[in-house]
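Hi everyone, thanks for making time.

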Amino acid sequence: MRIAAVADIHLGEDLRGHYRKKIEGIERRADVLLVGGDLTRHGTIAEGRVVAEELSGLPIPVVAVLGNHDYHSDHNQEIVDLLRDAGITVLDDEGAVVPVDGVRLGVAGGKGFGGGFAGKCASEFGEPETKAFVRHTKDIAERWRRALKELDADHKIVLSHYSPVKDTLMGEPPEIYPFLGSYMLAEAADAEGADLFIHGHAHAGTEKGVTPGGIRVRNVALPVIKHAYTVYCLNGDDC
């Protein structure tokens with residue numbers, strides 16, 4: 001199975017039609033398209049409409065999650081509704097099964113959140129604001145774990161905006177790692193198993209990493225992959 005993936009496309013009204021041209025013929029290279037958040041620049045409804053137009057009606061299924069930019073204007077639910085109305089599967093800390101040529105592809109995930117990584121992470125201690133920050137990620141990770149467990153699928157992928165590992169953040173300033181991902185996202189995936197973990201968010205990061213449990217992690221932020229999308233195969237990256 002060929003998985004096309006991209007994140008951080010940051011579409012605006014001035015780019016209407018631009019991204020669609022770049023993904024024409026995608027069905028000849030991939031069986032499904034996964035989009036890992038930051039679909040818009042500022043999370044406005046107008047930008048959400050552009051995203052829906054660019055990604056709707058493709059000959060292959062499209063599964064997406066939101067990113068932090070898509071929350072900025074507090075219209076995240078409206079953007080989700082626009083995308084779903086356009087036939088795009090949008091995950092919000094849940095899972096979905098996508099039929100692909102008779103194979104059941106399970107995708108679980110959502111935006112994710114931060115907190116840092118084992119040994120250098122925030123803890124649920126101290127001020128209410130700090131505890132709420134860490135608890136938010138912990139709750140998300142638990143919902144992902146349940147979603148993965150409940151998926152009745154032949155293959156499973158985790159789709160996120162935030163990263164589960166430090167590997168794919170290499171190139172970013174270490175000081176901002178806690179705002180780019182959390183080890184708890186990796187723990188959720190490792191607990192239930194997955195074939196691949198796709199994320200974005202780290203524009204200056206690195207493409208390839210792996211969770212402690214051995215799941216391949218791929219940072220598909222557009223500035224990292226430098227193409228409209230990249231393609232992975234579930235039995236290895238070479239298709």
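Strands here are DSSP runs of E, at least two residues long, numbered from the N terminus, and helices are runs of H or I, at least four long. A quick word on the source: this is a predicted model, where local features need pLDDT of at least 70, side-chain atom pairs count only at pLDDT 80 or more, and totals for chains, interfaces and linings use all residues. Residues are numbered from 1 along each chain as its sequence is written, and side-chain values use heavy atoms, with hydrogens and water left out.

Who sits beside S6? Strand S5, residues 94-100, runs antiparallel to S6, with seven bridges joining them; two strands pair if DSSP finds at least two bridges between them. Glu94 is opposite Gly109 in S6. The S5 and S6 hairpin has two residues between the strands, and Asp101 takes a positive phi near 50° there.

Then there's strand S9, residues 155-160, which pairs with S6 in the parallel sense over six bridges. Val107 has Ile157 in S9 as its bridge partner.

Zooming out, the protein has six helices and 13 strands. The C-alpha atoms fill a box of roughly 50 × 40 × 30 Å, taken along the principal axes. And of the 239 residues, 53% count as buried.

Methods: Buried < 20%, exposed > 50% of the residue type's maximum accessible area, 1.4 Å probe, protein only.
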